[in-house]
Amino acid sequence: MVPIKKPNEKIRICTNFKDLNKACPKDDFPLPNIDKLVDVIAWHEMLSLMDGFSCYNQIRVAPEDQHKIAFITPWGIFCYKVMPFGLKNAGETYQRAMNYIFHDYIHDIVEDYVDDLLAKFKIREQHPKILIKIFDRLLQFDIYLNPKKCIFRVTLEKLLRFIVSQWGIEIDPNKIKVITNMPPPSNIK
């Protein structure tokens, strides 16, 4: 086990699962296409962006599989009861869980990418009703959000390298500033 300091000064404990990850077959469950995700949330009047809190640690490991992710410490051998960070198929497993939880809301009122949820509203007045539906579903499945990373009632937001709003998708000017400010070439090379 190795403690790693995160950018927010918190510590994440990482376990070396290299051998286990080699032995496990790759889960081919598809993650959403980022470009399509950006396309479907554009043209909405308002967005709410929500982030899962220690998302992988919210997925329980089946008791018969817990011995496979055991780790040794000076105080003994321990097993994870929840999915730890660093497993080969953790992202796909969490995506599968979120697709199961929001199966009837995806592409209608919510888009999800692993632990990120995007609630979208064509009309501003829909905002409270849609968020209540999403929060009820999260409570039903004991999924928690990180309040420090959630942004509600956004009308214009930078998402990946784009600015997404009710008017469509634009390129973030900060991402192309270097190219637009580049001087013309001064020699053939």
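**Entry 1. The whole chain**

I started by counting elements: the protein chain has 5 helices and 11 strands. I note at once that this is a predicted model.

Next I looked up the extent of the chain. The C-alpha trace spans about 60 × 55 × 35 Å along its principal axes. I then checked the radius of gyration, which is 21 Å for the protein chain. A compact globule of 189 residues would come out near 16 Å.

How much of the chain is buried? I found that buried residues make up 36% of the 189 residues. I also looked up the surface. The chain exposes about 12700 Å², and carbon and sulfur atoms supply 60% of that area.

Last for this entry, I turned to contacts. I took those between residues at least 6 apart in sequence. Of these, 62% join residues at least 24 apart.

**Entry 2. The largest pocket**

I moved on to the pockets. The largest pocket holds about 660 Å³ of space. Its lining has 22 residues. Which of them lie nearest the centre? I wrote down Lys6, Arg12, Ser54, Cys55 and Asn57.

I gave the second largest pocket the next page. Its space is about 400 Å³. I counted 16 lining residues here, and Val61, Asp65, Ile69, Leu87 and Thr93 are the closest to the centre.

Which elements give two or more residues to this lining? They are helix H1 (18-23) and helix H3 (90-101). By class, I have 9 nonpolar, 3 polar and 4 charged residues in the lining of the second largest pocket.

I picked Ala70, which sits in strand S4 (residues 70-73). Is Ala70 buried or exposed, or in between? Its relative accessible area is 34%, so I file Ala70 as partly exposed. The cut-offs that matter here are 20% and 50%, since partly exposed covers what falls between them.

I looked up its partners, skipping neighbours within four places in sequence. Ala70 is in contact with Ile77, Phe78 and Cys79. I also took a distance to Phe17, which is 53 residues away from Ala70 along the chain. The two C-alpha atoms are separated by 9.9 Å.

Thr73 lies in strand S4 as well. I read 16% relative accessibility for Thr73, so this residue counts as buried. The cut-off for buried is under 20%. Leaving out neighbours within four places, I found Thr73 in contact with Met1 and Phe78. Phe78 is on my list for Ala70 too.

What does Ala119 touch, not counting residues up to four places away in sequence? I listed Met46, Leu47, Ser48, Met50, Ile109, Val110, Leu131 and Ile134. I followed up Ile134, which is 15 residues from Ala119 in sequence. From C-alpha to C-alpha, Ala119 and Ile134 are 8.2 Å apart in space.

Technical notes:
Residues are numbered from 1 along each chain as its sequence is written. This is a predicted model: local features need pLDDT of at least 70, side-chain atom pairs count only at pLDDT 80 or more; totals for chains, interfaces and linings use all residues. Side-chain values use heavy atoms; hydrogens and water are left out. On a 1 Å grid over the protein atoms alone, a cavity is a set of points where a 1.4 Å probe fits but cannot get out, and a pocket is an open set with protein on both sides within 12 Å along at least five of seven lines; lining residues have an atom within 4 Å of a point. Grid points are joined across faces, edges and corners, and a volume is the space filled by probe spheres set on the points. Helices (H or I, at least four residues) and strands (E, at least two) are DSSP runs, numbered from the N terminus. Ala, Val, Leu, Ile, Met, Phe, Trp, Tyr, Cys and Pro count as nonpolar, Asp, Glu, Lys and Arg as charged, and the others, Gly among them, as polar. The radius of gyration is taken over C-alpha atoms; the globule rule is 2.2 Å times the number of residues to the power 0.38. Buried means under 20% relative accessible area, exposed over 50%, partly exposed in between (1.4 Å probe, protein chains only). Contact means heavy atoms within 4.5 Å. Accessible areas come from the Shrake-Rupley method with a 1.4 Å probe; for residues, only the protein chains shown count as cover.
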